[in-house]
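Subject: Structure handover

Hello,

The structure we spoke about is below. My notes on it follow.

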Amino acid sequence: MSSDDPAPGPPSPLSGLGKQSTTEPPPGEGAWENAASLADLPPGKVMEVVIGTTVIALAHAEGAIFAIDGICAHQGGPLGKARLEGCQLTCPWHGWQYDLATGKQLLSRTIAQRVFSTRVVGDTIQVRLPPIG
Ligand code: FES
């Protein structure tokens with residue numbers, strides 16, 4: 001292993017700090033989209049961003065950046081305004097809770113929000129949305 005090799009273990013969305021992909025996305029994957037400034041999302045915060053027509057809840061939790069569908073599967077509550085505890089979001093309208101990493105609702109594991117890949121390039125949080133169509 002050279003000194004340029006990444007540390008073993010799962011990749012962190014923050015590990016891309018200062019790096020930028022110059023390759024096109026693989027077939028079936030969308031392009032990276034700028035979502036927010038890292039300075040606007042300090043640890044422990046969740047915020048709502050809209051990219052095109054997609055509403056996303058962006059969260060900085062436990063050392064990583066997560067992106068999850070921002071419209072609650074129950075009745076459309078704003079998950080970008082949810083309460084964040086650890087890696088769990090609690091919808092502000094009726095309290096449904098979601099795991100940020102999987103998007104799964106915590107009581108009924110058959111209900112799941114879409115989750116999106118994230119990375120940080122410089123001070124910019126990017127989200128990869130699926131391609132349109
Ligand atoms: S709309 Fe989210 S829990 Fe009801």
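Of the contacts in the chain with a separation of 6 or more, 48% are between residues 24 or more positions apart; a contact here means heavy atoms within 4.5 Å. This is a predicted model, in which local features need pLDDT of at least 70 and side-chain atom pairs count only at pLDDT 80 or more, while totals for chains, interfaces and linings use all residues. Residues are numbered from 1 along each chain as its sequence is written, and side-chain values use heavy atoms, with hydrogens and water left out.

The chain has nine strands and zero helices (DSSP runs numbered from the N terminus: E of at least two residues for strands, H or I of at least four for helices). Six of the strands form an open, antiparallel sheet in the order β1-β9-β8-β4-β3-β2; two strands pair if DSSP finds at least two bridges between them. The edges are β1 (32-37) and β2 (46-51), each with a single partner strand, so one side of each has no neighbour in the sheet.

Within that order, β3 (residues 54-61) and β4 (residues 64-69) run antiparallel and are joined by six bridges. His 60 lies opposite Ile 65 in β4.

Buried residues make up 38% of the 133 in the chain (buried: under 20% relative accessible area, with a 1.4 Å probe and protein chains only). Cys 72 counts as buried because its relative accessibility is 5%, and Cys 91 is buried at 5% as well. The structure holds zero disulfides, a disulfide being a pair of cysteine sulfur atoms within 2.5 Å.

Regards

Conventions
Buried < 20%, exposed > 50% of the residue type's maximum accessible area, 1.4 Å probe, protein only.
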